[in-house]
Amino acid sequence: MTTRKENQEDSMSTATPARAPHSDVPTGHKPAEGRVGAGLFDPKQLLKSLPDAFRKLDPRVMVKSPVMFVVLVGSVLTTIFSFKDPGDWFGWAISAWLWLTVVFANLAEAVAEGRGKAQADTLRKAKTDTVARRLSKDGKTEEQVPGTELTIGDLVVCEAGDIIPGDGDVVEGVASVDESAITGESAPVIRESGGDRSAVTGGTKVLSDRIVIKITTKPGETFIDRMINLVEGAARQKTPNEIALNILLASLTIVFLLAVATLPPFADYAGTHLTMVVLVALLVCLIPTTIGALLSAIGIAGMDRLVQRNVLAMSGRAVEAAGDVSTLLLDKTGTITLGNRQAAEFVPVSGTTEAEVADAAQLSSLADETPEGRSIVVLAKEKYGLRERHQGELAGAEWIAFTAQTRMSGVDVDGRRIRKGAAGSVIAWVQEQGGTVAEDADTLSNRISEAGGTPLLVAVEDDRGARILGVIHLKDVVKEGMRERFDELRRMGIKTVMITGDNPLTAKAIAEEAGVDDFLAEATPEDKMALIKREQAGGKLVAMTGDGTNDAPALAQADVGVAMNTGTSAAKEAGNMVDLDSNPTKLIEIVEIGKQLLITRGALTTFSIANDVAKYFAIIPALFAAVYPGLDKLNIMGLTSPDSAILSAVIFNALIIIALVPLSLKGVQYRPVSADRMLRRNLTIYGIGGLIAPFIGIKLIDLLISLIPGIG
Amino acid sequence: MGPVLAGVLQLLALIGALALAYIPLGNYMAKVYSSDKHWRIEKWVYKGIGANPDAEMTWPAYLRGVLAFSTVGVLFLYLLQRLQGILPGSLGFDSVNPAQSFNTAVSFVTNTNWQSYYGEQTMGHVVQTAGLAVQNFVSAAVGIAVAVALVRGFARSRTGELGNFWSDLVRGTIRILVPGAFIAAIVLVACGAIQNFSGIHEVGQFMGGHQQWNGGAVASQEAIKEFGTNGGGIFNANSAHPFENPGPFTNLFEIFLLLVIPFSLTRTFGVIVGSVKQGYAILATMFTIWLGFVALMMATEFAHHGAALQAAGGAMEGKETRFGVGSSSIFAVSTTLTSTGAVDSFHSSFTGLGGGIAILGMQLGEIAPGGTGSGLYGMLIMAVIAVFIAGLMVGRTPEYLGKKIGTREIKLAACYILITPALVLIFTAASMALPTPPHSMLNSGAHGFSEVLYAFSSAANNNGSAFAGLNANTDWFNTMTGLAMLLGRFLPMVFVLALAGSLAEQKPVPETAGTLRTEKPLFTGLLVGAILIITGLTYFPALALGPLAEGLAS
């Protein structure tokens, strides 16, 4: 990356750079407001996933979720007891709803997984068995072998039309490659030996030319294989926070298990006998089933939200870490600024006018299709009303293209020769033509450099001889909305550090304009690494993006390292996420997705626990009002009968799971505000809401049940 | 002045006194546990027990110190009671039987002070003064030491070291409890509490018949009984006895004594972790619950139904006329919300709901403000749980005081909150299910059940107060409450110290705008809610069958 950046600093010309470092245009996956939260949920998915939900009833699978396992055991128990007393409608009704509770929980997980399956199928298609053209050791002869037999270090040849048989690096040649199979982006990309664009992915298609690839991954462990595993959830492991939450839920389950298991002797003493069905119903209502049922779906959906944004997280741990990030390292070019500099002003040397400079600058840039060149034409038009002349209008114009040797471009037309380019080159050209160099040309250039801009000198040779006309001030243009974004991040407690190869003066100017908290100028990979370690030593979690091989150590060191898909395989190996769109701005979204995942978990846990209060008020009077009539005062919902009260609580408990599936898949709405405001908001909705909602829900269900003849 | 107004004024005076003591005592205790200077007398003690007070301990070492010291304490107290018959100064009492000796030894070492014996008919001067009173000091000091170790766990980083148990124990005793109790004892003596080593006096009663009056070092033991949140009185009537608690002022003073260390420790906590605001947040949580309970209790006890109650100005049964309903309500709530368990009135005689408030107070885990030390560490564990659930809602993995609450931390906190509910519910259920233990109940129906529930809530939470009415001096109750006290005291300490060790090893996470602000009122509200919902709901079915059934019946 640094190499490339240096190239760019050097070229600082109107020439076409090898490639815009990063695609500035996000590729279509970004939701309208650029905010997380827009997951898709289609009720049809519930139906489609039903078979999977039943398949998950296997106790060996269920035992992984302690809360739901208890519900499963409870369902079995009540069913057995219902068989013993088949005439009791209540036992059957409770059993049925307990089974539904378990199925609903499995359904939530199945729906979450189902969304990844479709994507996995598409990927599988790309992974058709390929035949590789393996080169012998001496590189002279080719042999045809199945792609699955390739080993690390093999050299294979791919020509136009070939599917690349495995992950590797291009060691010879340059080719355009269609990577739509993994990125969904149809525009072909260039892959060439050496540098940062040498990585190729198995399953992608060579469109032109011939390349030799050195295989770097074993079959079955390729990028595409890992992607399939990831999106299908097969490789999903519980994340640290999820494990911790599971422990807490398990301990709450044990507490409530104790509260219910010790109840029969108390009730016997009071003079009433509690049936197994009632005890199980009470237990299931008290243990945190809502979050227990949805926990796994929330985790899968969180990963899925990343996949929808074309980011592959290699571990769930990284997604959680993203929520905790307190320092973001952002590359200047492509992330904070548009990839290219733009003309900001025309500065005449003494003796000329701005308009003269603008005219010459525009004329010389007409054939220049680089963003810098276009920006000069546009600025001249907007600021000085110079009409954009088409190349065709200027018959006999001779366009001088930029070369690395001359470091200038320009035009010869109507006896005028106009040149623009790096200061040294243009001055040398004027002197060569026997012209005079204005005294202030140097001063003006330096002033622009100091302000963080790039000066381009414009010179002309006409009947008045060769002379410098003025300077074009090229400026890094900060992307729109970045300052607001950084303000938001600051409110979220995240510090932004801009990383650039620019000199400190330039860096400072841009950092101030963009509103980042800090910058690292003339950054080398070592500097970057040192910065990460320093931040981490202070207890901070660091996120960064990178794509070059020399970024790899820093990517590995960062808590969240997002490798660009265009990057080298070393970088992709080192990071814990890969952005298929190679859009570094996405780092901010990744952080938001991480936070959203944690918020959703916390919100539903709070909701689940707060729900218990109402359930007690439904069930306790139902159980004991017969022996202690005073306890009927606790029946504040005025439920019809003891049976309908208990059944309503159980039904509410089951239905709330289904009702919350969309929320757990989409995630709780996230806004970048301070922790305080976020807590207040979520606590009101999910804490207070969680207290009140079941009172209303249980009452409504009870009203419906009481309408059934013979009950109530 | 009506009794309600009197009660409210007493409450305000109490709050004022606690507020005045908060900063000086809290800061002083922080200094005691942070200073690197040893007093000369302390050096003698260290030399005597062969401890190096400057050696930093990891959590297992600290725990070993706690357990070793407490084991020795239990054995010593047990032997002292078993040998009472042959010791001098025994007032002619026999040796105590094995089950009761075990129960009493455990009871005083665990800071519970559950008493299944009649003090004035069982224990002589030696056992009272050399045995029980000593434990009143050191068991309180052990509690504070463990709390301070946990606070150090939050305050320290990248080290597993939690301080030195022996130094914390000795300093807590010598620099805090002894001077405090000394001053308190003088105040009590000045107000009429007795302090002597005289024998038993038979006195003739006004209406004929005889009564037995014991002498004893009552004022000094009363002082530490409250100041160290112990609760074990010399007399069976405990703080309702005029020799222990002569009048309204001493009553209020004793409430002050039993609340002042637990509340002020939140200041100590704030100072040591470097943010007194964090201390205020914990204080506010404790205070909110305590005040809420006091208000509920007063409302229940003043709400009079029936002619007798109206004539008395409230539910006066089992309450001393010299204290009245208001002051007795404050005492009852304070003693059950701390681990004190001293009583100035009989909780069994409170209204049904009033008795329930006392039981729930203990079941919350003695954290508002709780026992000396145990209240703070219990509350901090609840804060960890609350932070874990709510912290997620700000979009970060949870952290408290700059420490991550990860898998290990939550595992330890989860184990902690499991213990007392398990002990209370299992022992109560066993007592109700077995044929013999229910014979101990004096009352039938819901009230009888409350007696048993109260006993195990009190024992497992190391409170020590009794509901009265239950004959706890049976082998079953002596052994089972003894076990409940033992497990309810030391198992949680294991998890607290392990948590402290785990926290101390972490590197701190710097606070940013994205950090959950645990010093804000919002968090206090959240913590109160979490405590009431998580621990309160555990006991809801049991409470419904006892105090709620009784209290809602009318």
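## Salt bridges around B:Lys225

In this predicted model, B:Glu244 and B:Lys225 form a salt bridge whose closest N and O atoms are 2.7 Å apart. B:Glu244 has a relative accessible area of 0% and is buried. B:Lys225 also counts as buried, at 0% relative accessibility.

B:Lys225 forms a salt bridge with B:Glu222 as well, with 3.0 Å between the closest N and O atoms. These two residues are 3 apart in helix α8 (residues 218-227) of chain B, which means that about one helical turn separates them. B:Glu222, like B:Lys225, is buried.

## Salt bridges in chain A

Over all chains, the whole structure holds 42 salt bridges. One of them joins A:Arg416 to A:Asp359, with the closest N and O atoms 3.6 Å apart. This pair links distant parts of the chain: A:Arg416 is in strand β15 (residues 416-421), A:Asp359 is in helix α15 (residues 354-365), and the two are 57 residues apart. A:Arg416 is partly exposed at 27% relative accessibility, whereas A:Asp359 is buried at 17%.

## Where the chains meet

In the interface, 63 residues of chain A are in contact with 61 residues of chain B. The area buried between the two chains is about 5100 Å², and carbon and sulfur atoms give 77% of it. On the chain A side, A:Phe266, A:Tyr269 and A:Leu679 lose the most area to chain B, together 14% of what that side buries.

Two salt bridges are found across this interface. In a salt bridge between the chains, the side chains of B:Lys520 and A:Asp676 meet at 3.0 Å, N to O.

## Annotated spans of chain A

An unreviewed UniProt entry gives the annotation "transmembrane region" to several spans of chain A, including residues 65-83 and 243-264. In the model, residues 65-83 are 95% helix and 0% strand, with end C-alpha atoms 27 Å apart. Residues 243-264 are likewise 95% helix and 0% strand, and their end C-alpha atoms lie 33 Å apart.

## A surface patch and a loop residue

B:Met1, B:Val4, B:Leu5, B:Val8, B:Leu9 and B:Leu12 make a nonpolar surface patch of about 580 Å². B:Val4 is in helix α1 (residues 3-34) of chain B and is partly exposed, at 45% relative accessibility.

A:Thr217 lies in the loop between β9 (210-215) and α8 (223-232) of chain A. A:Thr217 is buried, with a relative accessible area of 15%. Beyond its neighbours within four places in sequence, A:Thr217 is in contact with A:Ile152, A:Asp167 and A:Thr222.

Methods
Residues numbered from 1 in each chain as written. Chains lettered and ligands numbered in written order. Predicted model: local features only at pLDDT ≥ 70, side-chain atom pairs only at ≥ 80, totals over all residues. Heavy atoms only, no water. Patch = residues over 30% accessible without salt bridge, like charges linked within 9 Å, V, L, I, M, F, W, Y side chains within 5 Å. Areas by Shrake-Rupley, 256 points an atom, 1.4 Å probe, with all protein chains shown as cover. Salt bridge = Lys/Arg side-chain N within 4 Å of Asp/Glu carboxyl O. Helix = DSSP H or I, 4+ residues; strand = E, 2+ residues; numbered from the N terminus. Buried < 20%, exposed > 50% of the residue type's maximum accessible area, 1.4 Å probe, protein only. UniProt positions renumbered as here; feature names shortened; annotations may be inferred. Contact = heavy atoms within 4.5 Å. Buried area = accessible area lost by both parts, 1.4 Å probe.
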